[in-house]
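Here is a friendly tour of one protein chain, taken topic by topic. Have the model open as you read, and follow along residue by residue.

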Amino acid sequence: YIPSVTLTPTTIRVNPLKISKTNRVLRDPFFGNPRENFLLVDIREENGKKLMAFAFRDLRQLLLEYLEEGFFLAKPKRSYRYLHHSQSQLRQQQFWFYHHPKDKFDDLYRHLGDFSRERNPAKYAARMGQAFSTTQQ
């Protein structure tokens, strides 16, 4: 079970725990307890339906802020920052966010692998996304 939230144009809605198949990152002890450090974030309309493509233009700045800066949630406030996504999650408008001190975030990416030679952004995202693909234990 993984904590889940829904980002809408006006709110951050906390959802019940979501059943999630594991991936390499969730099983890796380096990243800590999945229930404490991870959030599966959906981006939706206020009514819970998928955000339509034409809405992205108007919400671009807000969504970029979430992806670049993250957001605070819970008491005491915990900051969650965008970590990454798998290809199937991207189609579903879902992303993994992670709670971790900012100065340690670079260590997280290094732990996923060395992708420094990959110059094509699409290939870079695909290679990194493989760590977040659903797998069986």
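Let's begin with Gln 94: beyond its neighbours within four places in sequence, Gln 94 is in contact with Lys 18, Leu 40, Val 41, Asp 42, His 85 and Gln 89. Please keep in mind that this is a predicted model.

- Gln 94 belongs to strand β6, and its side chain makes a polar contact of 2.8 Å with the side chain of Asp 42.
- Is Gln 94 buried or exposed? Its relative accessible area is 9%, and because buried means under 20%, Gln 94 counts as buried.
- The largest pocket holds about 190 Å³ of space.
- By residue class, the pocket lining has nine polar, four nonpolar and two charged residues.

**Thr 6, a buried threonine**

- Thr 6 sits in strand β1, which spans residues 2-7.
- With a relative accessible area of 6%, Thr 6 is buried.
- Which side chain does the side chain of Thr 6 meet in a polar contact? The partner is Asn 15, at 2.8 Å.
- Setting aside neighbours within four places in sequence, the contacts of Thr 6 are Thr 11, Ile 12, Arg 13, Asn 15, Asp 42 and Arg 44.

**The loop between β3 and α3**

- Glu 46 lies in the loop between β3 and α3, and Lys 49 is placed in the loop between β3 (38-43) and α3 as well.
- Glu 46 has a relative accessible area of 38% and is partly exposed.
- Lys 49, at 57% relative accessibility, counts as exposed because the cut-off for that class is over 50%.
- The side chains of Glu 46 and Thr 10 are joined by a polar contact of 2.6 Å.
- Apart from neighbours within four places in sequence, Glu 46 is in contact with Thr 8, Pro 9, Thr 10, Thr 11 and Arg 13.
- The C-alpha atoms of Lys 49 and Thr 8 are separated by 10.0 Å, with the two residues 41 apart along the chain.
- For Glu 46 and Asp 114, which are 68 residues apart along the chain, the C-alpha separation is 39 Å.

**The cavity**

- How many cavities of 30 Å³ or more does a search of the whole structure find? The search finds one.
- The largest cavity has a volume of about 30 Å³.
- Its lining is made up of Leu 7, Thr 8, Pro 9, Ile 43, Arg 44, Leu 51, Leu 59, Leu 62, Leu 63 and Tyr 66.
- Helix α3 (residues 53-69) gives the largest share of that lining, with four residues.
- The lining of the cavity divides into eight nonpolar residues, one polar and one charged.

**Aromatic rings**

- A search of the whole structure finds 10 aromatic pairs.
- One of them joins Phe 30 and Phe 31 edge-to-face, at 5.5 Å centre to centre and with 85° between the planes.
- Phe 30 is partly exposed at 40% relative accessibility, whereas Phe 31 is buried at 1%.
- Phe 31 also pairs edge-to-face with Tyr 98, at 6.0 Å centre to centre and 85° between the planes.
- That pair links distant parts of the chain: Phe 31 is in the loop between α1 (24-27) and α2 (34-37), Tyr 98 is in strand β6 (residues 94-98), and they are 67 residues apart.
- Both Phe 31 and Tyr 98 are buried.
- Ring pairs also join Tyr 66, Phe 71, Tyr 80, Tyr 82, Phe 95 and Phe 97 into a cluster.
- Tyr 66 of this cluster is also one of the residues lining the largest cavity.

Conventions:
Residues are numbered from 1 along each chain as its sequence is written. This is a predicted model: local features need pLDDT of at least 70, side-chain atom pairs count only at pLDDT 80 or more; totals for chains, interfaces and linings use all residues. Side-chain values use heavy atoms; hydrogens and water are left out. Helices (H or I, at least four residues) and strands (E, at least two) are DSSP runs, numbered from the N terminus. Buried means under 20% relative accessible area, exposed over 50%, partly exposed in between (1.4 Å probe, protein chains only). A polar contact is a pair of N or O atoms within 3.5 Å; within protein, one must be able to donate a hydrogen and the other to accept it, and residues adjacent in sequence count only if both atoms are side-chain atoms. Contact means heavy atoms within 4.5 Å. On a 1 Å grid over the protein atoms alone, a cavity is a set of points where a 1.4 Å probe fits but cannot get out, and a pocket is an open set with protein on both sides within 12 Å along at least five of seven lines; lining residues have an atom within 4 Å of a point. Grid points are joined across faces, edges and corners, and a volume is the space filled by probe spheres set on the points. Ala, Val, Leu, Ile, Met, Phe, Trp, Tyr, Cys and Pro count as nonpolar, Asp, Glu, Lys and Arg as charged, and the others, Gly among them, as polar. Rings of Phe, Tyr and Trp (its six-membered ring) pair if their centres lie within 6.5 Å; planes under 30 degrees apart count as stacked, over 60 as edge-to-face and the rest as tilted.
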